[in-house]
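Welcome, and thanks for taking a look at this one with us.

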Amino acid sequence: QTCALPIYTCGGLDEFSEMWAKRLASWGYFVITPDSYGARDIQNACLGGAPPNNLVSDIAGALDFLDTRPEVLKGRIALLGNSAGGKLAIRAAQQRFGLAQRGLRGAVSLYGGPCSAGEDRFVSLPLLALMAEKDDWFPIAGCHAWAEATPKPPLQAVFYQAHHGFDNSVIMNRAVPCRNGQCHLVYDAAVSADAEARAKAF
């Protein structure tokens with residue numbers, strides 16, 4: 001059985017992350033979510049506290065664990081992350097971490113950032129980045145520069161005319177505290193449906 005690793009947002013394990021886990025399971029994936037925040041006693045990382053490089057080791061550990069599971073097909077593991085999880089998905093696809101050798105086949109990032117053209121352009125795994133042009137959680141211009149600097153393939157980048165959280169039908173429309181002060185989550189049904197279809201096809 002193929003496996004999917006859904007990585008949650010800066011808000012941690014919640015109804016939204018459960019929704020994505022159930023969706024991936026309905027597509028036929030064996031699903032496991034590493035609890036990176038719980039292990040570090042982090043309740044919420046939206047104001048800081050969980051650098052993405054530190055959490056790549058959790059993905060590596062999850063891959064090593066899945067290697068011991070007979071029901072999981074070797075080399076048939078994908079990663080999907082939203083927001084902070086999307087940033088982690090971008091980092092996990094970098095050549096320097098060598099996660100392909102641990103069985104990671106590819107990654108999907110939904111509105112993951114901030115993006116670094118200098119640090120994040122060495123993508124060695126198929127990576128689908130679904131970005132939001134109206135994102136106010138981080139400068140979207142940096143993600144355009146990163147997408148332009150990164151070879152395609154392995155990167156596929158899509159920029160929607162949408163806000164951060166465009167697939168979050170749980171929160172819908174809300175302003176929430178973030179590192180920039182107040183940031184916005186705005187659900188967009190049409191963009192969400194397109195992003196879901198692209199992720200499934202990927």
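A residue counts as buried when its relative accessible area is under 20%. Tyr8, with a relative accessible area of 6%, is therefore buried. Please keep in mind that this is a predicted model. A search of the whole structure finds three disulfides and 11 salt bridges.

**Around Tyr8**

- Tyr8 sits in the loop between S1 and H1.
- The side chains of Tyr8 and Asp35 are joined by a polar contact of 3.1 Å. In sequence these two are 27 residues apart, while their C-alpha atoms lie 8.8 Å apart in space.
- Leaving aside residues up to four places away in sequence, the residues that Tyr8 touches include Leu13, Ser17, Thr33, Pro34 and Asp35. Also among them are Tyr37, Asn82, Ala84 and Gly85.

- Numbered in sequence order, the bonded cysteines pair as 1-2, 3-4, 5-6.
- Cys10 and Cys46 form a disulfide with sulfur atoms 2.0 Å apart. This pair links distant parts of the chain, 36 residues apart: Cys10 is in the loop between strand S1 (3–7) and helix H1 (15–26), and Cys46 is in the loop between helix H2 (36–39) and helix H3 (52–66). The link of Cys10 and Cys46 is right-handed, with 80 degrees about the S-S bond.
- Cys10 has a relative accessible area of 7% and Cys46 has 14%, so both fall under the 20% cut-off for buried.
- Cys115 is joined to Cys143 by a disulfide, 2.0 Å from S to S.
- Cys178 and Cys183 are both buried.

- Helix H4 (residues 84–92) is mostly covered, with eight of its nine residues buried. Among the buried ones are Gly85, Leu88, Ile90 and Arg91.
- Lys87, at 6% relative accessibility, also counts as buried. The side chains of Lys87 and Asp120 meet in a salt bridge of 2.6 Å, N to O. This pair links distant parts of the chain, 33 residues apart, with Asp120 in the loop between S4 and S5 and Lys87 in helix H4.
- How accessible is Asp120, buried or exposed? Asp120 is buried, with a relative accessible area of 0%.
- A network of salt bridges links Lys87, Arg91, Arg96, Glu119 and Asp120.

**Other salt bridges**

- Asp58 and Arg40 meet through their side chains in a salt bridge of 2.7 Å, N to O. Asp58 is in helix H3 and Arg40 in the loop between H2 and H3, 18 residues apart.
- Asp58 is buried, with a relative accessible area of 18%, whereas Arg40 is partly exposed at 35%.
- Glu71 forms a salt bridge with Arg69, their closest N and O atoms being 2.6 Å apart. Glu71 is partly exposed at 28% relative accessibility, and Arg69 is partly exposed at 27%.

Technical notes. Residues are numbered from 1 along each chain as its sequence is written. This is a predicted model: local features need pLDDT of at least 70, side-chain atom pairs count only at pLDDT 80 or more; totals for chains, interfaces and linings use all residues. Side-chain values use heavy atoms; hydrogens and water are left out. Buried means under 20% relative accessible area, exposed over 50%, partly exposed in between (1.4 Å probe, protein chains only). Helices (H or I, at least four residues) and strands (E, at least two) are DSSP runs, numbered from the N terminus. A disulfide is a pair of cysteine sulfur atoms within 2.5 Å. Contact means heavy atoms within 4.5 Å. A polar contact is a pair of N or O atoms within 3.5 Å; within protein, one must be able to donate a hydrogen and the other to accept it, and residues adjacent in sequence count only if both atoms are side-chain atoms. A salt bridge is a side-chain nitrogen of Lys or Arg within 4 Å of a carboxyl oxygen of Asp or Glu.
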